[in-house]
Amino acid sequence: MIIGVLVELANKKLDKIFDYKVPAYLEKDIKIGIRVEVPFGRQVLEGFVLEIKNKSELSDLKEIIGIVDKEIILNEELLELGKSMKKETLSLLISCYQVMLPKALKAKNSASVSKKYDIYYKLNFIDNIKLNDKQEQIIELFKNRELVPRKEILDISSSSLKTLLSKNVLIEEKKEHYRMSYHDKTSDVKTLTLEQQNIVDSVNLSKYDTYLLHGVTGSGKTEVYIKLIEKVISLGKTAIILVPEISLTPQMVARFEQVFGKKIAALHSALSEGEKYDEYRRIYRGEVSIVIGARSAIFAPLSNIGIIIIDEEHSDSYKQDNNPRYDAKRIAIIRGNNHNCPVLMGSATPLLDTYARACKGVYKLLELPNRVNGNSLPEVEIIDMNNEIKYSKGHFSKKLLDSINETIANNEQVILLLNRRGYSSFVSCKNCGDTIKCPHCEISLTYHKTSNTLRCHYCGYGTSLPKVCPSCKEEALSTLGVGTEKIEEELSKYVPNARVIRMDIDTTSRKGMHKKMIDAFKNHEYDVLLGTQMVAKGLDFPLVTLVGVINADTSLSIPDFRSSENTFALLNQVSGRSGRSKKQGRVLIQTFNKDHYAIELAKKHDYKNFYLKEMDIRKQLKYPPYYYLCYLRISGKDYKIVSTESNKIKKALERNLKSTIILGPSPCAIIRIKDTFRFGIILKYKKEDLLIETLEKIINHYRDNDKITVDIDFNPNHF
Ligand code: ADP
Ligand code: ZN
């Protein structure tokens, strides 16, 4: 037997299948999709079996060394999916497979994460053996049971256990136990409103179609998802539901656990590697029917999928930011086709591209224009900070401070958003004017007061705050700009009685913290939840009646053609956290750009007019959804080489691509990260037959070049 093996080494020179012979005694266990160990040069590597055949074009093949695990870890569907991904993202096939698996199932990691076992004992025989009291007691435990846990026996006597084992009266048996456990079902799907039921009825579960569910915040999209999944389960099928990374997961998992109990598995970054490993194996062993998770859960090895749901579809977390740069929504559509099942994307503020497709009929548009139970959307007020400076305290307008006080006095809760973490965004010198920058990146360092450190939010570099300016040695450093830490400090000064909890990457990095904070806030242990965009999405707290946006302009000022769209979505999402139960909610947005259309229309909750206005601008500027975008990122340690090669690449593109607009090369938004210089070329096109071929040529040209990396990013989120 000969097999084709893809070795697990992400190397652009090695991304192909190598043939190996299989020794006769291993043949029976060889299957497509399992992993084997092979000799490779002087190393031993692991790899996936992709082909089984009788002949090879090569003679003199080496034999495989062994089999890593007998269970198939990539089934046929996922193997094919990897191949499409490779084509669509122009990345390595091996990286496409690796990204589908939890770390523990990738080469070299399996050793560090082990299966967990519980030890049990089984009764073997008791004939002709004289037992003492303790031993009798132990045997008693087996009266109506086959297996007894070790602990129960130890509670009686550990020496008797030893004796019984040595005489073969008892036999040890190990049973794997999973690290995650779920509660039994505790509640049902809520009785749907007529509007919700209409949506459920319009989704055809027996064939592929992509649906966009455009439902305002609080319209009860989650219950619609749950009902649809319940129907799918009753047909004997399975379901995947994706949520944006972190923010939504705990609440969503909790709600799904109530309705579906142990049928669910969760996959997201808050799990330990061991937990992910166990969850993943529960899935491929067919022990669960529903997978809830972040982006990579789209690869869940479920069979017989009956629906794929993507909540908050506008979130940019669905696109992976490094290679392979896949888009989970695109993968969902491929898998929806594979399983001939619907794909449902939901959002209160759909991505422009998605909504445009729905308007054209490529996706089916479903709408929930009202909140559940006749609640109205919260009233939004814009506070012009240009007029407020005189009356404001710190970064709070008088109105916002008064409203916070009122809300707390009413025994209700507040959410405050500031989309920037840390204490201040710059530290600069009043004497020489210098700003302290990261030594490895072209970006200023953020001051974190809690730890008294300066940190780079791009590479993680950290240093303590110096006493004097590093340039002029004067004691004249001051902090500028504002982050969540500073707002927390101001709150304790201006609203001293408020119980404030801050939620951002810095306070939630410890495992389980995120969920703890959400639970504590939900239990009303705090009055104010302050945080970055983490607090904006999806959370459902009935007592929140005031949402305040400290500064709506942070996201508007990002140099990105999507900044208006992102701002509108963020304001809409965070506003949606207010007034979700009986009481009317309010939203106060502080801004220096009160006339900006993204802010004006967010105030009116007017998605449609925002869509029309923004589409107009995109058309004029030739941006998506009118044009496709592809970003070539050219990087390397040597500035000169990067810049010269970027220009050469541009010329090559110009020679080959006749119907594409080519912009650049120009420095990326941050020209240097981790000591690597970065240039970008933007391609705008509607239809360009030679695109893939040309890009492949360029990648191949730089395959052996260690000085330059060319990264191709279709439909990029960052520049
Ligand atoms: P969305 O995701 O659209 O913002 P949610 O699904 O979080 O909205 O629902 C908003 C609130 O309404 C939640 O508290 C939810 O429990 C409640 N809800 C949703 N559907 C119903 C229903 N049919 N009956 C009663 N309450 C509902
Ligand atoms: Zn840095």
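Predicted model: local features only at pLDDT ≥ 70, side-chain atom pairs only at ≥ 80, totals over all residues.
Lys-143 and Glu-140 form a salt bridge in which the closest N and O atoms are 3.5 Å apart. Lys-143 is exposed, with a relative accessible area of 62%, whereas Glu-140 is partly exposed at 46%.

## Salt bridges

A search of the whole structure finds 55 salt bridges. Among them is the pair of Glu-8 and Arg-35, with 3.6 Å between the closest N and O atoms. This pair links distant parts of the chain, 27 residues apart: Glu-8 belongs to the loop between β1 (2-7) and β2 (17-21), and Arg-35 to strand β3 (residues 35-40). Glu-8 counts as buried at 6% relative accessibility, and Arg-35 is buried as well, with a relative accessible area of 1%.

Another salt bridge joins Lys-511 to Glu-275, the closest N and O atoms being 3.1 Å apart. Here the link connects positions 236 residues apart, with Lys-511 in the loop between α15 (505-508) and α16 (513-522) and Glu-275 in helix α9 (residues 273-284). Glu-275 counts as buried, at 13% relative accessibility.

The table lists these individual pairs.

| Lys-143 | Glu-140 | 3.5 Å |

## Zinc site

The SG atoms of Cys-438, Cys-441, Cys-456 and Cys-459 coordinate the zinc ion (ligand 2) at 2.3 to 2.4 Å. The angles among the four donor atoms are 106 to 112°, and the site is tetrahedral. Along the chain, the donors of the zinc ion (ligand 2) follow the spacing C-x2-C-x14-C-x2-C. Cys-441 lies in the loop between β18 (426-429) and β19 (446-448), and Cys-459 in the loop between β20 (453-455) and β21 (462-464), so this pair ties together parts that are 18 residues apart in sequence. The two residues can also be described by their accessibility: Cys-441 is buried, with a relative accessible area of 0%, while Cys-459 is partly exposed, with a value of 25%.

## Helix α8

Helix α8 (residues 249-260) has 12 residues, which at 1.5 Å a residue should span 16 Å; the C-alpha atoms at its ends are 16 Å apart, in agreement with that expectation. The helix is mostly covered, since 10 of its 12 residues are buried. The buried residues of α8 include Thr-249, Met-252, Arg-255, Phe-256, Val-259 and Phe-260. An α-helix has 3.6 residues a turn, so residues three or four places apart point the same way.

## Backbone exceptions

Most residues other than glycine have a negative phi, and most peptide bonds are trans. Several sites in this model depart from that pattern. The peptide bond from Pro-624 to Pro-625 is cis, with omega near 5°, and Pro-625 is placed in the loop between α19 (607-621) and β27 (628-636). A further cis peptide bond joins Gly-664 and Pro-665, where omega is about 5°. Pro-665 is found in strand β28 (residues 660-673).

Asn-452, although not a glycine, has a positive phi of about 50°. Asn-452 sits in the loop between β19 and β20 and is partly exposed, with a relative accessible area of 37%. His-605 likewise has a positive phi, near 55°. The place of His-605 is in the loop between α18 (597-603) and α19, and at 21% relative accessibility His-605 counts as partly exposed.

## Surface patch and a further loop position

Met-1, Ile-32 and Ile-52 make a nonpolar surface patch of about 210 Å². Ile-52 is located in strand β4 (residues 43-53). What is the relative accessible area of Ile-52? The value is 38%, and Ile-52 is therefore partly exposed.

Asn-168 lies in the loop between α5 (158-166) and β8 (170-176). At 42% relative accessibility, Asn-168 counts as partly exposed. Asn-168 and Leu-123 are 45 residues apart in sequence, and their C-alpha atoms are 8.8 Å apart in space.

Methods. Residues numbered from 1 in each chain as written. Chains lettered and ligands numbered in written order. Heavy atoms only, no water. Patch = residues over 30% accessible without salt bridge, like charges linked within 9 Å, V, L, I, M, F, W, Y side chains within 5 Å. Areas by Shrake-Rupley, 256 points an atom, 1.4 Å probe, with all protein chains shown as cover. Salt bridge = Lys/Arg side-chain N within 4 Å of Asp/Glu carboxyl O. Helix = DSSP H or I, 4+ residues; strand = E, 2+ residues; numbered from the N terminus. Buried < 20%, exposed > 50% of the residue type's maximum accessible area, 1.4 Å probe, protein only. Donors = N, O, S within 2.8 Å, 3.2 Å for Na, K, Ca; no water. Tetrahedral: all angles 85-135°; square planar, octahedral: opposite > 155°, others 65-115°. Expected span 1.5 Å × (residues − 1).
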